[in-house]
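Here is a short briefing for a first look. Start with the view below, then read on by topic.

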Amino acid sequence: MVVSLEHLMCYHDDGYDFLLQTATRNESWVHHFTSEVKVTSMEWKNVFSPVRRKFKATPSAGKVILIVFWEAQGLLLRNFLEVGTINATRYYDNLTISKEAVRKK
C-alpha cells in the first residue's frame, strides 16, 4: 500500500512522464499442443484391413510459463520458462535477463 501511494504521488507530480519511466511484468501459464490434421493420420489400407482405433489425445502436450515485461512504449522482453521447479534462483536469473533488456532499451 505504501508503494502504491508513492506511485500515485509521483504520477500526481510528474504526470505522463512518470508513466514513461515505469516498467511492469506479468506471468501466465501457456499450454501448447500439436494438433493432428486429417492428412497426417491417413494410411494406405485395403478393403479387408482392420479398423484401427484411435485413442483420444490429451489437449495439451505441455506448458511453459510466459513472463512478459513491458513499458508505455511497448514490449521490453518476453521469456518462456520450461516447466520445472520455479524457485528463487530461476526468478533471479529471469530478473537478471530482464534487467539487461531494460538497460539496452
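Begin with Glu71, which is buried, with a relative accessible area of 16%. The cut-off for buried is under 20%, so Glu71 falls in that class at 16%. Keep in mind that this is a predicted model.

**Around Glu71**
- Glu71 belongs to strand E2.
- Beyond residues up to four places away in sequence, Glu71 touches Leu20, Thr22, Ala23, Leu76 and Lys105.

**Overall layout**
- The chain has 3 helices and 3 strands.
- Read from the N terminus, the order of elements is α-α-β-β-β-α.
- The chain counts 105 residues, and buried residues make up 15% of them.
- Its accessible surface comes to about 9,400 Å². Carbon and sulfur atoms account for 60% of that surface.
- Take the contacts between residues at least 6 apart in sequence: 59% of them join residues at least 24 apart.

**The nonpolar core**
- Which residues form the largest nonpolar core? There are 7: Ile65, Ile67, Phe69, Leu76, Leu77, Leu81 and Ala101.
- Two elements give two or more residues each to this core: strand E2 (62-71) and strand E3 (74-82).
- In soluble globular proteins, nonpolar side chains tend to be buried together.
- Leu77 is one of the core residues. Leaving out residues up to four places away in sequence, Leu77 touches Ile67, Val68, Phe69, Ile97, Ser98 and Ala101.
- Leu76 is also listed in the core, and Leu76 is among the residues that Glu71 touches.

**Charged side chains**
- How many salt bridges does the structure hold? The count is 1.
- That salt bridge joins the side chains of Arg25 and Glu27, at 2.7 Å from N to O.
- Glu71, by contrast, is a buried residue.

**Aromatic rings**
- The ring of Trp29 has a charge over it: the charged end of Lys63 sits there, 4.6 Å from the ring centre.
- How many aromatic pairs turn up in a search of the whole structure? The search finds 0.

Notes. Residues are numbered from 1 along each chain as its sequence is written. This is a predicted model: local features need pLDDT of at least 70, side-chain atom pairs count only at pLDDT 80 or more; totals for chains, interfaces and linings use all residues. Side-chain values use heavy atoms; hydrogens and water are left out. Rings of Phe, Tyr and Trp (its six-membered ring) pair if their centres lie within 6.5 Å; planes under 30 degrees apart count as stacked, over 60 as edge-to-face and the rest as tilted. A charge sits over a ring if NZ of Lys or CZ of Arg is within 6 Å of the ring centre and within 35 degrees of the ring normal. A nonpolar core is a set of buried Ala, Val, Leu, Ile, Met, Phe, Trp, Tyr and Cys residues joined through side-chain atoms within 4.5 Å. Buried means under 20% relative accessible area, exposed over 50%, partly exposed in between (1.4 Å probe, protein chains only). Helices (H or I, at least four residues) and strands (E, at least two) are DSSP runs, numbered from the N terminus. Contact means heavy atoms within 4.5 Å. Accessible areas come from the Shrake-Rupley method with a 1.4 Å probe; for residues, only the protein chains shown count as cover. A salt bridge is a side-chain nitrogen of Lys or Arg within 4 Å of a carboxyl oxygen of Asp or Glu.
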